[in-house]
Amino acid sequence: MARLAVKVSPKASRNAVLGWHGEALKVSVTAVPERGKANAAVQELLAEVLRVPKSAVQLLRGDTHSQKQFEIAGLDEAELRARLDAARR
């Protein structure tokens, strides 16, 4: 399992992986940050970009903050980085 720090920008014009912000992956989602909507949108976006089932992406920390940490089942750190880099090309 790999862990991924994520910086989230909710209420954006599109869902996108924007790149690295220090050690955190910066993402934008169109969902609003209420009742878990933005968290669910980030989970879906990460699953799509990493090509893993949505159930493999679990929020560990940051439920109500823009700085979050996710755990990705089925990937190690190297594979996680490789898939994120490939998705940005």
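Entry 1: I began with the residues that line the largest pocket, and they divide into 5 nonpolar, 5 polar and 5 charged. I kept in mind that this is a predicted model. Next I looked up the volume of this largest pocket, which is about 180 Å³. The lining has 15 residues, and Pro33, Asn39, Asp63, Thr64 and Lys68 are the closest to the pocket's centre. Which element gives the largest share of the lining? I found that helix α1, residues 37-50, does, with 3 residues.

**Entry 2: the sheet.** I then traced the strands and found an open sheet of 5, in the order β2-β3-β1-β5-β4, with mixed pairing. Strands β2 and β4 (57-61) are the edge strands, since each of them pairs on one side only.

Entry 3: Helix α2, residues 77-87, lies across β1, β2, β3 and β5, and α2 runs at about 35 degrees to β1.

Entry 4: Last, I zoomed in on β2 (residues 16-21) and β3 (residues 24-28). How do these two strands run, parallel or antiparallel? They run antiparallel, and 5 bridges join them. His21 stands opposite Ala24 in β3. The hairpin has 2 residues between its strands, and Gly22 takes a positive phi near 70 degrees there.

How values were computed. Residues numbered from 1 in each chain as written. Predicted model: local features only at pLDDT ≥ 70, side-chain atom pairs only at ≥ 80, totals over all residues. Heavy atoms only, no water. Pairing = 2+ DSSP bridges. Helix = DSSP H or I, 4+ residues; strand = E, 2+ residues; numbered from the N terminus. 1 Å grid on protein atoms, 1.4 Å probe; cavity = no way out; pocket = protein on both sides within 12 Å on 5 of 7 lines; lining within 4 Å. Points joined across faces, edges and corners; volume = space filled by probe spheres on them. Nonpolar A, V, L, I, M, F, W, Y, C, P; charged D, E, K, R; others polar. Contact = heavy atoms within 4.5 Å. Axes fitted to C-alpha atoms, helices over the stretch in contact; angles between N-to-C directions.
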